[in-house]
Amino acid sequence: MPERTSANKSVVSAVHGALFDEARSEFVGLSVPFLPGLGVGACWLQFAPPTVEGRDNFNNITSNFTVSNNAFIIGGGYRVFESLSVGIGDRMTMMYIDGDSYNGFGLDAGFLYKPAGFIKVAFAGRDIVSTKLSGGDKPPVKAVAGVSISQFESVLISADSVFAIVKGTSVALHAGFEWRAMEEFAMRAGYDNNRITEQRSHIP
């Protein structure tokens, strides 16, 4: 979802998303500026789909089980020029399936370019360096391209697409809309080709 922060002050953000059925998403993030043009941030994300109905090899219903996808991300960014910034971050992925855990590591890097004051274009490589999820497969390298438009101070529109390099086909398409009703309160709506999301956020 779209997120805007100030370049000269620390920002804490917390977002709760109500998705389809009983699915939900959570986000807590912190960004801190250090030197002019340099900042670091960290965040925790969770996506919890609805409880899954268990079935055996004969399609008989067994006990239900739960799934939870979590990620802790820490990274930094540097503004090379007024219109160009670069960033790098590492991600620890933790997946829990009915009590079993699967962990992995991924390194991302990318850049942000502002061809105009209200337009931003970004490109990133995801899982450039990664490890296999314990007990699972190594995630493929992905390319992420996106654009955001904020011609009006209180409105932000964004969209991005994710491609799996090894497959060469689009695996995800997202679009987001943010309306900042007040300085410290934002309303957001988003589209994902896998689900529809609705979020409300309080940003100190």
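Student: Among contacts in the protein between residues at least 6 apart in sequence, what percentage join residues at least 24 apart? And how does strand β5 pair with strand β4 and strand β6?

Tutor: Keep in mind that this model is predicted. Take the contacts to begin with. Of those between residues at least 6 apart in sequence, 37% join residues at least 24 apart.

Now the setting. The protein has twelve strands and zero helices. From the N terminus on, the order of elements is β-β-β-β-β-β-β-β-β-β-β-β. The protein has 204 residues, and 25% of them count as buried. Its accessible surface is about 12500 Å². Carbon and sulfur atoms account for 62% of that surface.

Next, zoom in on β5. Strand β5 covers residues 84-97. It pairs with β4, which covers residues 67-81. The sense is antiparallel, and the pairing runs over 14 bridges. Two residues lie between β4 and β5, and the two strands form a hairpin. For a landmark, find Asn-70: it stands opposite Met-94 in β5.

β5 has another partner, β6. Strand β6 spans residues 100-116. β5 and β6 also pair in the antiparallel sense, over 14 bridges. Here the landmark is Ser-85, whose bridge partner in β6 is Leu-112.

Trace the pair Asn-70 and Met-94, then the pair Ser-85 and Leu-112.

Technical notes: Residues are numbered from 1 along each chain as its sequence is written. This is a predicted model: local features need pLDDT of at least 70, side-chain atom pairs count only at pLDDT 80 or more; totals for chains, interfaces and linings use all residues. Side-chain values use heavy atoms; hydrogens and water are left out. Helices (H or I, at least four residues) and strands (E, at least two) are DSSP runs, numbered from the N terminus. Buried means under 20% relative accessible area, exposed over 50%, partly exposed in between (1.4 Å probe, protein chains only). Contact means heavy atoms within 4.5 Å. Accessible areas come from the Shrake-Rupley method with a 1.4 Å probe; for residues, only the protein chains shown count as cover. Two strands pair if DSSP finds at least two bridges between them.
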